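Please look over the sequence and the structure shown here, and then read the briefing that follows.

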Amino acid sequence: MEKFVVHGGSSLSGNVNISGSKNASLPILAATLLTREQCVIRRVPDVSDTNYMLQILHNLGAEVERASGNVIIKCERIRGHEAPYDLVRKMRASVCVMGPLLARHNRADVSLPGGCVIGDRPIDLHLRGLEGLGAEVTVEGGNVHLEARYGLNGDTLDMAGKNGATVLGTDNVMMAAVLAKGTTVINGAACEPEVVDLANFLIAMGAKISGAGTPRIEIEGVSELGGVEHTVIPDRIEAGTFLVAGAMAAPEGITLRRVNPEHLSSVTEVLEQCGCEIQQSEKSMTIQQAKNPVGANITTEPYPGFPTDMQAQMCALFATTPGLSVVKDTIFPQRFMHASEMKRMGANIEVSDGTAVINGVEQLSAAPVMASDLRASAALLLAGLTAKGATEISRVYHIDRGYEHIDDKLIGLGAEIERLPA
Ligand code: EPZ
């Protein structure tokens with residue numbers, strides 16, 4: 001295991017390249033199961049979550065080559081239809097092999113993902129959608145067994161849940177529907193850019209999909225799909241994380257490159273409300289720390305609302321922003337592990353009923369803290385940038401799951417971070 005030691009107080013400046021999106025890469029890699037032909041996927045981030053997905057695909061018989069961000073994959077001979085517990089428990093997103101395996105083999109056996117620190121992670125909406133296409137679902141011994149003896153048939157499905165749309169649920173059903181007989185309409189679909197990127201990948205393979213990016217997606221099933229080359233969209237959450245780093249510690253500003261500013265408009269809007277200056281072009285964004293920072297009230301919502309994956313990072317900013325800020329997470333109300341760790345650093349945060357009330361303090365002070373989930377861990381790294389002293393963050397494997405070399409990128413901007421054996 002490794003830890004970070006973050007020496008607070010450095011100002012950030014310069015440029016940083018944003019990597020390809022982890023959350024777009026994972027379903028797109030799963031979608032390669034839908035064709036026997038070779039696919040080339042560019043800008044797949046070198047993070048442990050994409051490594052886990054490639055392990056699952058390799059276990060299923062896929063031929064996988066990886067070279068500097070490009071993945072060359074061919075699912076010509078797929079043996080079995082199983083995503084085993086020892087891999088699914090490490091990465092919940094493995095559930096998105098269900099749809100493609102059903103479409104390819106009319107069968108799928110996937111371990112039920114456990115919960116995680118951000119809260120309960122059910123897949124009832126995934127299963128309801130796949131049943132709607134004709135799959136028979138049984139749950140036994142912690143595994144989900146899906147079978148479509150007579151193949152999949154398109155239908156009109158309502159995929160919305162009590163907390164709004166499901167991103168991976170929409171992905172799973174879309175990947176099953178592209179090879180189903182007839183037409184499928186997904187109502188209550190997720191509108192995230194990562195869903196649109198998957199739809200574009202499937203369309204390039206020969207799928208007939210319209211409405212991706214809106215709550216209503218229509219899919220006309222086809223008989224087969226072909227291999228394609230595709231470049232994954234930039235990671236909007238990594239970009240948002242660096243925008244917050246700039247908001248906290250870049251008086252002269254930092255520039256993010258290879259980013260899509262349109263995917264971050266809800267984050268940009270809040271940071272500008274807080275007094276930051278942001279300039280943007282087609283593929284870059286420059287942010288300058290506010291001269292007179294003010295707090296804000298945020299409520300997370302499905303895209304294009306404020307993303308839940310950015311709420312921990314905003315808590316780090318608000319912890320030392322004068323005045324009162326309120327952060328409400330409607331998607332994962334329990335997603336506040338970072339708050340208790342920041343309180344160890346002197347933050348004034350009270351959490352109840354999925355809402356954090358934050359009174360900014362002058363400066364946090366270094367303390368040994370523990371990473372827990374991916375975004376909470378990134379938030380602790382941000383908090384350490386401006387804290388007094390050297391903050392030790394243990395269990396950095398949580399950060400390495402979804403951020404490509406985040407320490408090297410921050411060091412490149414002037415931060416002082418050491419990666420040491422724990
Ligand atoms: C995706 O997870 C992302 N992961 C998450 O990012 C992100 O936080 C989440 O979407 C919300 O935007 C990937 O794309 C790999 P959901 P997903 O299904 O699809 C409830 C990160 O940090 N729900 O959209 O698993 C669920 O409990 C990760 O990169 C059901 O009730 O999330 C939640 O309240 C963390 N039943 C809400 O819907 C279901 O069957 C949204 O979850 C499915 C979900």
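How many positive and negative side chains does the protein chain have, and how far apart do the centres of the two sets lie? The protein chain has 36 positive and 49 negative side chains, with 3 Å between the centres of the two sets; Lys and Arg count as positive and Asp and Glu as negative, while His and the chain ends are not counted, and the place of a charge is NZ of Lys, CZ of Arg, CG of Asp or CD of Glu. This is a predicted model, in which local features need pLDDT of at least 70 and side-chain atom pairs count only at pLDDT 80 or more, whereas totals for chains, interfaces and linings use all residues. Residues are numbered from 1 along each chain as its sequence is written, and side-chain values use heavy atoms, leaving out hydrogens and water.

**Overall fold**
- The protein chain has 14 helices and 24 strands, which are DSSP runs (helices H or I, at least four residues; strands E, at least two) numbered from the N terminus.
- Buried residues, meaning those under 20% relative accessible area with a 1.4 Å probe and protein chains only, make up 56% of the 422 residues.
- Of the contacts (heavy atoms within 4.5 Å) with a separation of 6 or more, 73% join residues 24 or more positions apart.

**Asp197**
- Asp197 is placed in helix α7, which covers residues 193-205.
- Asp197 is buried but has no salt bridge, and the nearest side chain of opposite charge, Arg43, is 9.1 Å away; a salt bridge needs a side-chain nitrogen of Lys or Arg within 4 Å of a carboxyl oxygen of Asp or Glu.
- Leaving aside neighbours within four places in sequence, Asp197 contacts Ala24, Ile28, His230, Thr231, Val232 and Ile233.

Definitions and conventions. Buried < 20%, exposed > 50% of the residue type's maximum accessible area, 1.4 Å probe, protein only.
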